[in-house]
Structures are given as structure tokens and as C-alpha cells.
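Welcome! Here is a short briefing to read alongside the sequence and the 3D view.

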Amino acid sequence: MINVSGVCKTFYSRHKVEALVDVSLQVEKGEVVVICGPSGSGKSTLLRCLNHLETIDRGEIVIDTIQLTDARTNINKVRAEVGMVFQSFNLFAHLTVQENVSIAQIKVRKRSRSDSHKITMQLLEKVGIPEKAKSYPSQLSGGQQQRVAIARALAMQPKIMLFDEPTSALDPEMIGEVLDVMKTLAREGMTMCCVSHEMGFAREVADRIIFMDEGRIVEIGTPDQLFNEPKEERTKAFLAQIL
Amino acid sequence: METLKDLFHNERFRRTLSWIALFVILIGLIAGTVITTNNVDYIWRWEQIPRYIFFKENIEVTVEEDATVTAVENEGTDTYIEVINFLDEEQYYKVPSNMLSVKVGDEIERGQVLAEGKRWRPGLLLTGLVMTLEISVLSIILGILIGLITGLARLSSSPAPKWLAIGYIELIRGTPLLVQIYIFYFFIGQVFRLSSFMAGVLALSFFAGAYIAEIIRAGIQSIHKGQMEAARSLGMNYPQAMQYIILPQAFKRILPPLAGQFISLIKDSSLVGVIALVELTRAGREIGTSTFNYFEVFFTVAALYLILTFSLSMIVQYLERRFAASD
């Protein structure tokens, strides 16, 4: 489903920052992968490369048999198949919850208003806030906003969902409601890549955990392997800090 | 018991004092104006002003030769009168229907009246006001279009549109509007055979466009970049994301500075009087030169501008309240 090979990415701001160094990774259909690592380790950059929000300097990314780096690829088509949920929600502030979820269905998927309305309400039901359909994002709590953001991504019926630290900006009591929605998705067989520090969540639903540091993948393993017998020193040090 | 110091710390007392001060200042200003004009020996003739807004026109249509009325035909609010003179030559007169005073078969002498009456006509100040309004509305619409295109070009990552936009903005902002109006009238107007109206409107549009472009650019840049990323991650292309996500939010934010720009434009339109467009200010000057009632005329002109700009402010405030729903 996702095939990343030899990807390199360097940022040149004030300093030269090697965000990704020769990263290779395969994710199968229906697999749930959690990416963790210290801040600045390149995990968010890797995720953003997967739907071309960042361009890569070298290497190859193939999403569902489509070459992302090929100049002929219609990137908007690929993005419509890859849902993304952001740390800061990024709901459209001028639209109601219902419009947030339906706008891309209407403008990109070209669904009729009534079809999109039906799907929107189903999804809001699924994430547990159908009663907020007419509210604006600023009237919702962080947890509710993030659930709307998930519904918005799901409305495109994507084949893959990317989560970029979806619970990091939330108050502790709201993390659970967002993780519950993600767990449901995982059980339904959605292919998911999550950058997350929620180790409880990772242990429960992840098929594999990827540990990254300094732009490199340090270790990949099942939750059991990684939590109980990590091979690398850096993994041990990181886990010791967060567990 | 309250001492004077306590009284002065009382919020209500201080507010009352402030109102009294405002009142005294206003009275002083009015008194000052009256006294100074008395000193220059000026005769106020406010009664002269209304006729420059509306006046009653006397209409009197007379025949040039002895003739017989052969036909009277209504067409809308006008009536056409056909007469035949003693040489059997036909002549036609057009008169307002409600003032007609002859009928078919009447024999009329030279100089006799076919129609007479009075009707209201807009005065010079009113036609000037309408001209100012037309110029301003057209320039605002064109200015928004130019500003939007330039603003988006300014943000483009490719060098050609970006540097063209920067060049245009710097050129316009770095030269006086009056000079631009002359250039549009004498040079561009000559080359492209533009009327002075078109030249004036275009000069004002390109002038406002440069400032609006900067306002729009700032508005777009003020929208969090996560909004664009979210829109793109849903598969929207750049124009869609701009149209449905970024611009609506930016527009709400730039409404106050945009309104200021529109008000400036209405006032700047007073400069196109120099290219023979009789807008409000030019109308005022023309009335002034013939009546010497400069004081009354320009106070009236100022008041008319104020009506335009204040109405615009009210409209924008109404829009701002409406858009505040999602805050």
C-alpha cells in the first residue's frame, strides 16, 4: 500500500537540517503503524512526505501503485485517497462542522449536496457529535474539533489515513475520545500511519511500531518486541523516558 | 462627606465633566467660525445652494412660422407635434406630454406657444455627486479585480508574476496620483482613444489596485498555513483551496482596511476634475467661480462627500457584523 525507499530530505533554514536520511519503509493494506521518536527525529516530515505536503530530495514513494515523485502524477488525486489529520486540527474556521466535512466531497469528489449531506451525518454520528453539525469550530472543544477533523478526512473515503500527533494539542481528558475513534477505525481495517506518543494506544492497536531518531529509522518491530526487548540502545533510552 | 478630591475620583462625575468639555469645545468652534467670517465681511447666501441640487426649469416651445397642427402623437412621456407651414413644409417638435397646449387642426402664428410648463431638473451639485458615485463604484470594482490578481501574483512562487506585481505596486505607490491621472489622460488616453471618463476611472482603478493588492496579500498571509495544508490534503487544487478556504477567511479579516481604501478612493476621485470630468469637487469650483459663494458651496460639497463615505462605512460595519458569526 505504501512503499517508501531511500528517501532523503534536507531543510535549509538557518542551519542545514537533515530531516530524513535514507528512510525505507513498507506498509501493507490494513496495517496500523505507529511512528514514535524524540522531537526533531523526522517522524512528522516522513508523514507529510507521504501526501506530498513536503517534497523529497531523493528516493521514491509509491502510494497504492502510484509514484508520488513522478512529475506526471496528479497529486490531488493521490491526496484525495490519503486522509490526513493534523496536530492543530486545522478545521476551516469560516465553515460549520457540517460544511467542513462536506466541502471536499462536493468540490473534489463531485458528490451531490444530498449525498454528501447523508455521508456527513453518518460520519458525525460515527465520531459521536452529530448534534454539533451546525456549530462553528470555535464553538467546539479540542477533542470535538479533532473528531470533526477525522470525519472530514474520512468523508473522502480514503484508502490510507495519516495522523500527525493527533492528541498532542489536547487537554488530557479529551485524548481518550479521539483515541477511541482511531481504535474503531483500526479495527475496521483502515490502513493507518500515526505519529504518536500514546504508547497505550500503540500497544493496543499497532501492528508495528517504528522508532525514529535524527532522521533515520532506528528500529521497527511489533509492540511486544519493541516494548519488551528493544535491540537498540537509543530505543531503550527513549522508552525509559516516556514509559 | 465628599471632598473635592473624592468627587474628582468619581467615575460618573468625570464622565459628566468630559461631556461638558466636549460641548464647550463644539460651541467654541462654531462661535469662532462665525466671528472670523464676520471679520472678512462675507455675505452668507445659503438660499442659493438648493437650486444647485434641484432646480425648476421653465420650458416654452414656440413655432418658428405660421402653421397648422396636423398631427399630435404620444410616445412615452414625450409628444411629437407635426405642423405644416404655408409652403406645405412639414416640421416636427418634441415636447413633454403634460405641457402640451395645442390640438390637431389648430392654426398657430409665429412665436405662439406649443407647450409650456416647469419641471424639476438635477442641479450641478447633484450631477457632480452622481458622477463621483459612478467613478467611485466602477473604480472600486475594477480596483478589487486588479488588486486580487496582483495580490495573488505577488504571492506566486514563480518569478515572472511575482516581480511584475512588485514592479507595478512600487511604480504606483511611488508616484503621485495626480501625475498618474495626467499620464492616463494625455498618454494612455491618446494611444487607446479613451474618453476622459474612462481615463479617470482607469487611473483611479490602477491606483487603488496597487494598495488593495498589498491588503489582500497581507490578508492571505495572515491565514494560518495549516488551513491551506488541510485543504490540499483533502485533494483540493490550489485555486479551489484559495477560492473556498483561504480567500473567504482572508476577506473577513481585511474588510476594515479595505473599507478605508474605498473611502480614500471616493475622496481621491476629486482629483479627476483636472481632466474635464465634472465630478462633485469640480462642480463646486464651477459654481464658486460664477457665484462667489465659495463658503457655502464647499461646505455643501464636503457634506455630500461625507454622506457617501459614511454610508459606505455603515455598509461595511453591517458586513463585519454578519461575518462575525463564525468567531
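Predicted model: local features only at pLDDT ≥ 70, side-chain atom pairs only at ≥ 80, totals over all residues.

Helices (H or I, at least four residues) and strands (E, at least two) are DSSP runs, numbered from the N terminus. Residues are numbered from 1 along each chain as its sequence is written, chains are lettered from A and ligands numbered from 1 in the order in which they are written, and side-chain values use heavy atoms, with hydrogens and water left out.

**Where the chains meet**

- In chain A, 25 residues are in contact (heavy atoms within 4.5 Å) with 20 residues of chain B.
- The two chains bury about 1900 Å² between them, 59% of it on carbon and sulfur atoms; buried area is the accessible area (1.4 Å probe) that two parts lose on being put together, summed over both.
- Phe92(A), His94(A) and Lys107(A) supply 28% of the area that chain A buries against chain B, more than any other three residues.
- One salt bridge is counted between chain A and chain B, a salt bridge being a side-chain nitrogen of Lys or Arg within 4 Å of a carboxyl oxygen of Asp or Glu.
- Glu229(B) and Arg48(A) form a salt bridge, with their closest N and O atoms 2.5 Å apart.

**Salt bridges across the structure**

- Over all chains, the whole structure has 24 salt bridges.
- Glu177(A) and Arg147(A) form one at 2.8 Å, N to O; Glu177(A) lies in helix 6 (residues 172-187) of chain A and Arg147(A) in helix 5 of chain A, so the pair ties together parts 30 residues apart in sequence.
- Arg147(A) is buried at 10% relative accessibility, whereas Glu177(A) is partly exposed at 25%; buried means under 20% relative accessible area, exposed over 50%, and partly exposed in between (1.4 Å probe, protein chains only).
- In chain B, a network of salt bridges links Arg154(B), Glu170(B), Arg173(B), Glu214(B) and Arg217(B).

- Thr281(B) is buried, with a relative accessible area of 19%.
- Leaving aside residues up to four places away in sequence, Thr281(B) touches Ser270(B), Phe298(B), Val301(B) and Tyr305(B).
- Phe295(B), in helix 10 (residues 294-323) of chain B, is partly exposed, with a relative accessible area of 31%.
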